[in-house]
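Colleague: Please pick out one open space in this model and go through it closely, with the parts around it. Give the cut-offs as you go.

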Amino acid sequence: MKGILFALAGGFFLTFQSVANATISDQIGTWQAAAMTQLTGFVLAILIVLALKDTSIKHLKQVSPLYASGGLLAAFILFSNMTAVHRMGVTLTISMFLIAQLIAAIVIDGKGWFDMAKKNVGKTQIAGVLLMITGILVLKW
């Protein structure tokens with residue numbers, strides 16, 4: 001149940017962040033807004049780590065550079081998100097992001113990439129994505 005609640009919260013926060021970032025980017029520029037978002041997120045995360053007195057950060061050197069570079073992708077994610085919101089609106093942007101995430105997730109699960117356990121991807125998963133794409137087409141028109 002906690003997983004579902006966190007996933008829902010993440011989805012809500014992503015949508016609110018998309019709107020806020022697009023608005024900020026109108027005022028200061030898209031890359032500047034991405035930098036500001038990254039910086040404020042970094043500061044908050046560090047404060048939370050300090051407040052929790054979490055010492056697992058000592059193991060940072062053990063993290064593979066491939067996975068440690070994941071944060072670099074956030075700058076491109078933010079830029080893409082803000083640009084898409086400006087061009088397509090919030091609803092279509094979030095819908096397209098979800099489809100892209102699902103397709104990537106299915107490939108990662110099916111191939112077992114990034115040290116994830118390989119999972120069977122069946123017709124029902126493909127059908128689910130196709131139904132979501134159909135839903136986006138309905139949203140658009």
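**The second largest pocket and its surroundings**

Modeller: By class, the lining of the second largest pocket consists of 4 nonpolar residues, 5 polar residues and no charged ones. Nonpolar here means Ala, Val, Leu, Ile, Met, Phe, Trp, Tyr, Cys and Pro, charged means Asp, Glu, Lys and Arg, and the others, Gly among them, are polar. The model is predicted, with pLDDT of at least 70 needed for local features and 80 or more for side-chain atom pairs, while totals for chains, interfaces and linings use all residues. Numbering starts from 1 along each chain as its sequence is written, and side-chain values use heavy atoms, leaving out hydrogens and water.

The second largest pocket holds about 240 Å³ of space. A pocket is an open set of points on a 1 Å grid over the protein atoms alone, where a 1.4 Å probe fits, with protein on both sides within 12 Å along at least five of seven lines; a lining residue has an atom within 4 Å of a point. Volume is the space filled by probe spheres set on the points.

Lining the second largest pocket are Gln 17, Ala 20, Asn 21, Ile 24, Met 36, Thr 37, Thr 40, Gly 41 and Leu 44. At least two residues of this lining come from each of α1 and α2, and α2 gives the largest share, 5 residues. Helices are DSSP runs (H or I, at least four residues), numbered from the N terminus. The protein has 6 helices and 0 strands, and its C-alpha atoms fill a box of roughly 45 × 45 × 30 Å along the principal axes.

How do α1 and α2 pack? Their axes are 7 Å apart, at an angle of about 130 degrees; axes are lines fitted to C-alpha atoms over the stretch in contact, and angles run from 0 to 180 degrees between N-to-C directions. The crossing of α1 and α2 is right-handed, that is, the near helix is turned clockwise from the far one by less than a right angle.

On the α1 side, the contact (heavy atoms within 4.5 Å) is made by Gln 17, Asn 21, Ile 24, Ser 25 and Ile 28, and on the α2 side by Thr 30, Gln 32, Ala 33, Met 36 and Thr 37. Its residues divide into 4 nonpolar, 6 polar and no charged.

Gln 17 leads on to the largest pocket, where Leu 14, Gln 17, Ala 74, Ile 77 and Leu 78 are nearest the centre of a 14-residue lining. Elements giving that lining two or more residues are α1 (2–28), α2 (30–52), α4 (70–88) and α5 (90–111). The largest share, 6 residues, belongs to α4. The volume of the largest pocket is about 280 Å³, and its lining has 6 nonpolar, 8 polar and no charged residues.
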